[in-house]
Amino acid sequence: MKGWVTQLRKGLLEFCILNLLAGGETYGYELIQRLKKIEELAVTESTAYPILNRLREDGYVTVRVEPSRDGPPRRYYSLTGMGKHRISGMNAYWDQLSNAIESLRSAGRKGDK
Amino acid sequence: MEQEARQTIQQYLDNVGRQLSSSPEDERAEILRDLESHIYEAIEARTAGREATSEDACAVLAEMDPPECYGRAADGNRGSGGNRWTMGKIALGISIGFLLLAVVTALIPGAGRGASILSLIFGQLVALVLGIIARRDPYGKAAAICSAALLLVGILLTA
């Protein structure tokens, strides 16, 4: 069960990051804080930033750097055109998949009765 | 922010950097920039305008993953983006393979020097293109450098 949950979380984290960024430009700290509110995802900095970096390398996410008063520049993330296309495809697939799984589960529940 | 707080943050970042030593250089630099920005944002949210102390930095860092986690996470994450890594290895393989083929061809009596040089140039050209595409991973970078050098050797040999 534990291994299955870990694999599921890993895949879902990319999906959640892209969906969060679909809502608009966000800086790293804010992004992580919002993801941390979804307890089931168990997001930490060490899991989220490597994924964000990979998404940037793959061209789905872009980074805008803005100077800050005290400390390093603030880094804002947003979706590229490719990222928007990817998340719309992922969302469509998710809807189909969750509907199909829900049908299976409700058939299973009827069988239990 | 107090100097001691900055040193505490830098120490944490240095430790994370060491954990990411097997990652490509630009990937490591990006993750460290992200983390540095994250830490300063977290401290700012905690201090709300007052000067940040070393205790603030320690408290924020204590809530974050220990540096050891970053190496494991980056390795695991790289697994899903493995195409570039595979391409880098293929490029290096082609470069070495065609070098060996050129050497063997040169040693076969009657095969001729021209065939040897031609196979060297062709193989290194292919490896160079693939190496440039996969330049972000160490294998790709090595393939690009090796094949460029061998290509130059091949061109010089034709002259």
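The residues around the second largest cavity divide into 4 nonpolar, 3 polar and 4 charged; here Ala, Val, Leu, Ile, Met, Phe, Trp, Tyr, Cys and Pro count as nonpolar, Asp, Glu, Lys and Arg as charged, and the others, Gly among them, as polar. What you have open is a predicted model, in which local features need pLDDT of at least 70, side-chain atom pairs count only at pLDDT 80 or more, and totals for chains, interfaces and linings use all residues. Residues are numbered from 1 along each chain as its sequence is written, chains are lettered from A and ligands numbered from 1 in the order in which they are written, and side-chain values use heavy atoms, with hydrogens and water left out.

**Stop 1: the cavity**

Select A:Y27, A:G28, A:Y29, A:Y49, A:R74, A:R75, A:Y77, B:D34, B:S37, B:H38 and B:E41 to show the lining of the second largest cavity. A cavity is a set of points on a 1 Å grid over the protein atoms alone where a 1.4 Å probe fits but cannot get out, and lining residues have an atom within 4 Å of a point. About 50 Å³ of space lies inside, a volume being the space filled by probe spheres set on the points, which are joined across faces, edges and corners. Now colour α2(B), which gives the largest share of this lining, 4 residues. Helices (H or I, at least four residues) and strands (E, at least two) are DSSP runs, numbered from the N terminus. The structure holds 2 cavities of 30 Å³ or more.

**Stop 2: the sheet in chain A**

Next, show the strands of chain A: 3 of them form an open antiparallel sheet in the order β1-β3-β2. Its edge strands, each pairing on one side only, are β1 (26–27) and β2 (61–66) of chain A. Strands pair if DSSP finds at least two bridges between them; β1(A) and β3 (residues 74–79) of chain A are joined by 2. Click A:Y27 to find its bridge partner in β3(A), A:Y76.

**Stop 3**

Move on to the second largest pocket, with about 290 Å³ of space. Of its 15 lining residues, select the closest to the centre: A:R69, A:D70, B:E44, B:T47 and B:G49. A pocket is an open set of points with protein on both sides within 12 Å along at least five of seven lines. Helix α2 (residues 25–47) of chain B brings the largest share of the lining, 5 residues. Which classes line this pocket? There are 5 nonpolar, 3 polar and 7 charged residues.
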